[in-house]
Amino acid sequence: MLVLSRRVNESIQIGTDIEIMVIDVRGDVVRLGITAPQSTQSWRKELWDVIVKENKTAAEGVRFPDYKAATRLPLSTFSKLSKIPTVHINNRIDDKE
């Protein structure tokens, strides 16, 4: 694991098109802003773990010719979770000014 120290309004760049910026730090809570292409999926780790676990459970007892195909996330899972509102960093910064 790569460990980096950043201050508020500093960021890290992942590849050429993903930027993660520290928006705010309050106590032990860090707010991050992520700029990434629309096609990049971003999940809170605890939510991702639940999705993977539920998909593995659903795949048990079902025979698939390709096991990897059984563990892929169903489209319905993404559509339910995609309704979670997205906070756009630029709008948030504009609101403070």
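W43 has 26% relative accessibility, so it counts as partly exposed; that class sits between buried (under 20% relative accessible area) and exposed (over 50%), using a 1.4 Å probe and protein chains only. Its ring partner W48 belongs to a pair we'll get to below.

A quick word on what you're looking at: this is a predicted model, where local features need pLDDT of at least 70, side-chain atom pairs count only at pLDDT 80 or more, and totals for chains, interfaces and linings use all residues. Residues are numbered from 1 along each chain as its sequence is written, and side-chain values use heavy atoms, with hydrogens and water left out.

Back to the tryptophans. The structure holds one aromatic pair. The ring centres of W43 and W48 are 6.2 Å apart with planes at 40°, so the pair is tilted. For that label, the rings of Phe, Tyr or Trp (its six-membered ring) have centres within 6.5 Å; planes under 30 degrees apart would be stacked, over 60 edge-to-face, and the rest are tilted.

| Residue | Relative accessibility | Class |
|---|---|---|
| W43 | 26% | partly exposed |
| W48 | 30% | partly exposed |

Now the sheet. Three strands make an open, antiparallel sheet in the order β1-β2-β3. β1 (11-14) and β3 are the edge strands, each pairing on one side only. Strands here are DSSP runs (E, at least two residues) numbered from the N terminus, and two of them pair if DSSP finds at least two bridges between them.

Strands β2 (residues 18-26) and β3 (residues 29-35) are joined by seven bridges. They form a hairpin with two residues between them, and G27 in the turn has a positive phi of about 60°. R26 has V29 as its bridge partner in β3, while V22 stands opposite L32.

Technical notes: Helices (H or I, at least four residues) and strands (E, at least two) are DSSP runs, numbered from the N terminus.
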